Amino acid sequence: MSRSDEVNKMTENVYKGILDQFNPSLKNFVTMGKHYEKALTGVTVAAKGYFDTLVKLGELASDSQGSKELGDMLFQMAEVHRQIQVQLEDVLKLFHSELLSQLEQKLELDIKYLTATLKKYQSERKSKVESIERCQSQLKKLRRKSQASRHPNKYGDREMQVHVSKASK
């Protein structure tokens, strides 16, 4: 295997490694983030029920003179809980908009870009290999003609041109 083939194989392996391992891992990360978001949404629903119950208990306790102090304490707990819940909902919105959806979009664009870049690389490589093979074929023909000819120097100049054009590619 030539050095060029080794470099080509390593380059393709880098692209394929990203596409076959890293990007699927990122997709899994996004999926787990969505599950986490769904779980937090469930916690939010349960917390609202808890808040409503605290408020009702506070109202019931406030109605009687003996438990008015307990009712006030339950209202304070409900208010603190409500503030925490509002903050959690804000964080959840930010988590979705600034992390999950952004990462998902960038991941999709990255996959498209890497796939297109790999195809372009492979196409360009194939074109260059075919060009080199044509030059080598022409060189072999010129050498055969040169060896069979009475004037070997006549084809030597053409062979040098092929070497020069091959070296410049």
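**Exercise 1.** Decide whether Tyr15 is buried, exposed or partly exposed.

Step 1: Buried means under 20% relative accessible area, exposed means over 50%, and partly exposed is in between (1.4 Å probe, protein chains only).
Step 2: look up the value. Tyr15 has a relative accessible area of 18%, so this residue is buried.

Before going on, a word about what you're looking at. This is a predicted model, where local features need pLDDT of at least 70 and side-chain atom pairs count only at pLDDT 80 or more, while totals for chains, interfaces and linings use all residues. Residues are numbered from 1 along each chain as its sequence is written, and side-chain values use heavy atoms, with hydrogens and water left out.

**Exercise 2.** Work out how many helices and strands the protein has, and in what order the elements run.

Step 1: know what counts. Helices (H or I, at least four residues) and strands (E, at least two) are DSSP runs, numbered from the N terminus.
Step 2: count them. You get three helices and zero strands.
Step 3: read from the N terminus on, and the order is α-α-α.

**Exercise 3.** Find how many aromatic pairs the whole structure has, and describe them.

Step 1: here's the rule. Rings of Phe, Tyr and Trp (its six-membered ring) pair if their centres lie within 6.5 Å; planes under 30 degrees apart count as stacked, over 60 as edge-to-face and the rest as tilted.
Step 2: search everything, and two pairs turn up.
Step 3: take Tyr15 and Tyr121. Their rings sit 6.4 Å centre to centre with 35° between the planes, a tilted pair. Tyr15 lies in helix H1 and Tyr121 in helix H2, so the pair ties together parts 106 residues apart in sequence.
Step 4: now Tyr36 and Phe95. With centres 5.6 Å apart and planes at 80°, the pair is edge-to-face. Tyr36 is in helix H1 and Phe95 in helix H2, 59 residues apart, and the pair links these distant parts of the chain.
Step 5: check the cover on Tyr36. At 47% relative accessibility, Tyr36 counts as partly exposed.

**Exercise 4.** Say which residues Gly33 is in contact with, leaving aside its neighbours within four places in sequence.

Step 1: contact means heavy atoms within 4.5 Å.
Step 2: Gly33 lies in helix H1 and is buried, at 9% relative accessibility.
Step 3: list the partners, which are Phe95 and Leu100.
Step 4: compare sequence with space. Gly33 and His96 are 63 residues apart along the chain, yet their C-alpha atoms are separated by 8.7 Å.

**Exercise 5.** Describe Val14 and its distance to Leu118.

Step 1: Val14 lies in helix H1.
Step 2: its relative accessible area is 52%, so Val14 is exposed.
Step 3: Val14 and Leu118 are 104 residues apart in sequence and 9.8 Å apart in space, C-alpha to C-alpha.
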